[in-house]
Amino acid sequence: MRFRYKEFPRHIKRPIIPIEVCFQNECWPCEVLVDSGADHCILDAQIAEVLGIDFHRGREGKVVGVTGVPEKIYFYPVRLKVGGWEYRTTIAFLEGLANYGHAGVVGQKGFFDKFVVKFDYLKGLIALR
């Protein structure tokens, strides 16, 4: 599977890809940052609400981002669809993540452990195998 980097003003390109998050009979499309520095897949809590997930009932954890401020996350089992390929995994939900311009990040556990990921910034491509 191949995806193009998403382009932003001032010639900034980011590895943002479309996915679908599914829970029971509901699926929600969103865009996520492919982040090799993220330990987990983390999505905005609003997605959980749309899917009917009471995310606060999930296993609680903490995440520390570049700001160094620890925040509560809640892990929940879901299905992810990437380029037509569907698999079960556990992701975390975080309140306020959508404020960063995308619905979340896909990281080491739940994404990089499922695919071989190749970034080609110069060609503007992300390849998944």
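The legends below describe several close-up views of a predicted model.

Residues are numbered from 1 along each chain as its sequence is written, and side-chain values use heavy atoms, with hydrogens and water left out. Because the model is predicted, local features need pLDDT of at least 70 and side-chain atom pairs count only at pLDDT 80 or more, while totals for chains, interfaces and linings use all residues.

**View 1. The whole chain and the order of its elements.**
Read from the N terminus on, the order of the elements is β-β-β-β-β-β-α-β-β-β-β-β-β. The radius of gyration, taken over C-alpha atoms, is 14 Å, close to the 14 Å that the globule rule gives for 129 residues, so the protein is as compact as a globular protein of that length; the rule itself is 2.2 Å times the number of residues to the power 0.38. Along the principal axes, the C-alpha atoms fill a box of roughly 45 × 35 × 25 Å. Of the 129 residues, 45% count as buried, where buried means under 20% relative accessible area, exposed over 50%, and partly exposed in between (1.4 Å probe, protein chains only).

**View 2. The largest nonpolar core.**
A nonpolar core is a set of buried Ala, Val, Leu, Ile, Met, Phe, Trp, Tyr and Cys residues joined through side-chain atoms within 4.5 Å. The largest such core has 33 residues, and those with the most contacts inside it are Ile17, Val21, Ile53, Val82, Phe111 and Leu128. At least two residues of this core come from each of β4 (16–23), β5 (26–34), α1 (45–51), β8 (70–82), β9 (85–94) and β12 (125–128), and β8 gives the most, with five residues. A second, separate core of ten residues includes Leu33, Ala38, Phe75 and Leu94.

**View 3. Val82 and Phe115.**
Contact here means heavy atoms within 4.5 Å. Leaving aside neighbours within four places in sequence, Val82 is in contact with Met1, Phe3, Ile17, Ile19, Tyr87, Phe111, Phe115 and Leu128. Phe115 is found in the loop between β10 (104–106) and β11 (117–120), and Phe115 is buried, with a relative accessible area of 7%. Not counting residues up to four places away in sequence, Phe115 touches Met1, Val82, Trp85, Tyr87, Leu128 and Arg129. The C-alpha atoms of Phe115 and Ala48, which are 67 residues apart along the chain, are separated by 24 Å.

**View 4. Asp39 and its partners from elsewhere in the chain.**
Asp39 is found in the loop between β5 and β6 (42–44) and counts as exposed, at 55% relative accessibility. With neighbours within four places in sequence left aside, Asp39 is in contact with Gly107, Gln108 and Lys109. The C-alpha atoms of Asp39 and Gln108 are separated by 4.9 Å, although these residues are 69 residues apart along the chain.

**View 5. Two loop residues with positive phi.**
Most residues other than glycine have a negative phi. His11, in the loop between β2 (6–8) and β3 (12–14), has a positive phi of about 60° although it is not a glycine, and at 73% relative accessibility His11 counts as exposed. Gln24, placed in the loop between β4 and β5, has a positive phi of about 50° although it is not a glycine, and Gln24 counts as exposed at 59% relative accessibility.

Definitions and conventions. Helices (H or I, at least four residues) and strands (E, at least two) are DSSP runs, numbered from the N terminus.
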